[in-house]
Amino acid sequence: MVCGEVSGIAAIDDDTYKAQGGQIKLASTLIQTTPRKGTHYLYKCPVGLRPSVNEELAVDIRANGSYILVYPSKINGVFYIWNTKKIADFKNLPILPLAYLEKIQPQNSSGSGEHITVDFNKIFEAKEGSRDVSLYRASCSLLARGVPPKLVYLFLIFLGQSFKPPMGEVVVKQKFENAIKFL
């Protein structure tokens, strides 16, 4: 099953069979057990949600650009099994609560919890002709570090207005959307 905005589905893959798994209590209307006795919790995919891995909690987020296997798939002869008696309507899945995302997603893409630093001086010095590239690079850099897409977009609008001459919101949106597609 393709995950992400294409399908509208995000999956939380809790490797409950690992010692550190099962620490976060999740709930969904559609749950399946994996052949290794892990658990997939399915939700509506929030816009801009990217896959991530939290090794400390043994939990993965499957979203844009990723997938999960579902029944009738099997590994080594063992099937994936739906835990719900009636398969839920995929269009009516619950929204993934922000509180879960904050617990599951690492603070940055490396999962190390290090503080995110960005050299904005280079960005603010961008002159006409290099502004497009600067805005696109800022988008990619912030998104790759796990900054929520909505905040990145708002920052880019601010940044575009700081250029001389200012960049219009249409151009800012185009650079942001290109960065989302790239990542």
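Let's start with helix H4: on the face turned away from its buried side sit Lys150 and Leu151, both exposed. Keep in mind that this is a predicted model. The buried residues of H4 are Pro149, Val152, Tyr153, Leu156, Leu159 and Gly160. They cover an arc of only 125 degrees around the axis, so they end up on the same side of H4.

How does the length of H4 work out? The helix takes in 14 residues, 149-162, and at 1.5 Å a residue these should span 20 Å; the end C-alpha atoms are 20 Å apart, so the two agree.

Now for the strands. E5 (residues 59-62) pairs with E1 (residues 9-14) and also with E4 (residues 52-54). Here is how the two pairings look:

| Strand pair | Direction | Bridges | A facing pair of residues |
|---|---|---|---|
| E1 and E5 | antiparallel | four | Ala11 and Arg62 |
| E4 and E5 | antiparallel | three | Ser52 and Ile61 |

E4 and E5 also make a hairpin, with four residues between them. In that turn, Ala58 has a positive phi of about 55 degrees.

How values were computed: Residues are numbered from 1 along each chain as its sequence is written. This is a predicted model: local features need pLDDT of at least 70, side-chain atom pairs count only at pLDDT 80 or more; totals for chains, interfaces and linings use all residues. Side-chain values use heavy atoms; hydrogens and water are left out. Helices (H or I, at least four residues) and strands (E, at least two) are DSSP runs, numbered from the N terminus. The expected span of a helix is 1.5 Å times one less than its number of residues. Buried means under 20% relative accessible area, exposed over 50%, partly exposed in between (1.4 Å probe, protein chains only). The arc is that of the directions from the helix axis to the C-beta atoms. Two strands pair if DSSP finds at least two bridges between them.
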